[in-house]
Amino acid sequence: MEDATYMKRALELAVRGNGKTSPNPLVGAVIVKNGRIIGEGWHERAGEPHAEINAIMNSRESVEGATIYVNLEPCSHFGKTPPCAEELVKRKFKRVVTAMEDPNPLVAGRGIKFLRESGIQVDVGVLNIEALKMNDIFIKYITAKAPFVLLKTAMTLDGKTASRTGDSKWISGELSRAYVHSLRNRYSSILVGVNTVIRDDPELTSRIEGVQTRNPVRIIMDSGGRIPIDANVLNIDESRRTIIAATEDMTEDKRRQLKSKGAEIITTDKRNGRVDIRQLLKELAGRGIDSLMIEGGGTVAAAFLEKGLIDKVAFFIAPVVIGGKTAPTPVMGEGVSLIENGYRLKHRSISVFGQDVLIEGYINVPWER
């Protein structure tokens, strides 16, 4: 029970790195000695000291003989920082408790083995599922070399994302929208189809009151170059970056206009007349983008879902019914022919945000690949 309590605290600390550690994982550490917490820390930013080192530096007394709780296996290799496992041995820790092994092939159990061979007791698996879910993005990116893909949507009780006239402001409430901005801060990129840009002209930025956030890279699926040149997503500066995913159908004149605004263009092969999304994901991974949140619309969502490219979903359900046989739904396309072929969610969770209900779950579980 004590181990779970301290590991829960390590996970709480790890979350503080949201939006700052990518492509590194979220890691927190708690140092306990004689039943007291004497030091805490978390990985604050990519390239800076890891959670274990920060906890040691923040300790109020000697860590010799202490236990350290860390939600991810201490690293055993030189990267931008020295190996944490060696530092724990040097500091003479008595015990290390970790929630999970590091899936990074450069570590993958080597840190645990090194600690044990150095005489330190190591216990693995405390709050394992919680730790795996927290670092789902890191696990997918480091093992599959591909971005983790989340499908986020807000819909009415009868499954509509807008009225028959296209009105969608606002289906979800303020608390739900605030949570979405925290997701935007966590995910490296956000993707919508060009129809969403034409219809809603969103900014697709992360705004959290009182918090300095990281804006996701905005990715617009626009095979033929229909995006308006004065669209909000083309307001580009050092903190706001935009990529247009196109095909050869986009004219050279439109390409010049977009580049003059600062937009980047990724040109893929055509698949059914549209952007090849597998090729797009590969290009994004090569640019260091480890995660992608799809926010609209239904045709884009269907394209990713039908190709098995959605890892997780987050569906906000608002207590309102609007009806309309032509009103859009979160996922369009042809759909499955049999209920038994539907996409079932694993590791589901349900949360309440004001009057809205959020259902989250995995379609592709990154640690079960």
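**Sheet and salt bridges**

In this predicted model, Phe316 stands opposite Leu358 of strand 16. Strand 14 (residues 312-318) and strand 16 (residues 356-362) run antiparallel and are joined by 6 bridges. Both strands belong to an open sheet of 9 strands with mixed pairing, ordered 10-9-8-7-13-6-14-16-15. Strand 10 (264-267) and strand 15 (346-353) form the edges, each pairing on one side only. From one strand to the next, the twist averages 20°.

Helix 7 (residues 174-186) packs on this sheet and touches strand 6 (148-156), strand 7 (189-193), strand 13 (291-296), strand 14, strand 15 and strand 16. The direction of helix 7 makes about 145° with that of strand 13. Helix 10 (residues 277-286) lies across strands including strand 8 (217-221) and strand 9 (242-246), and runs at about 135° to strand 10.

The structure contains 22 salt bridges. One of them joins the side chains of Asp136 and Lys312, with an N to O distance of 3.9 Å. Asp136 lies in helix 6 (residues 136-144) and Lys312 in strand 14, 176 residues apart. Asp136 and Lys312 are buried. A salt bridge also forms between Glu295 and Lys152, whose closest N and O atoms are 3.7 Å apart. Because Glu295 is in strand 13 and Lys152 in strand 6, this pair ties together parts 143 residues apart in sequence. Glu295 is buried at 18% relative accessible area, and Lys152 is buried at 9%.

In the salt bridge between Asp276 and Arg271, the closest N and O atoms are 3.4 Å apart. Asp276 is buried, with a relative accessible area of 8%, whereas Arg271 is partly exposed at 44%.

Key:
Residues are numbered from 1 along each chain as its sequence is written. This is a predicted model: local features need pLDDT of at least 70, side-chain atom pairs count only at pLDDT 80 or more; totals for chains, interfaces and linings use all residues. Side-chain values use heavy atoms; hydrogens and water are left out. Two strands pair if DSSP finds at least two bridges between them. Helices (H or I, at least four residues) and strands (E, at least two) are DSSP runs, numbered from the N terminus. Axes are lines fitted to C-alpha atoms, for helices over the stretch in contact, and angles run from 0 to 180 degrees between N-to-C directions. Contact means heavy atoms within 4.5 Å. A salt bridge is a side-chain nitrogen of Lys or Arg within 4 Å of a carboxyl oxygen of Asp or Glu. Buried means under 20% relative accessible area, exposed over 50%, partly exposed in between (1.4 Å probe, protein chains only).
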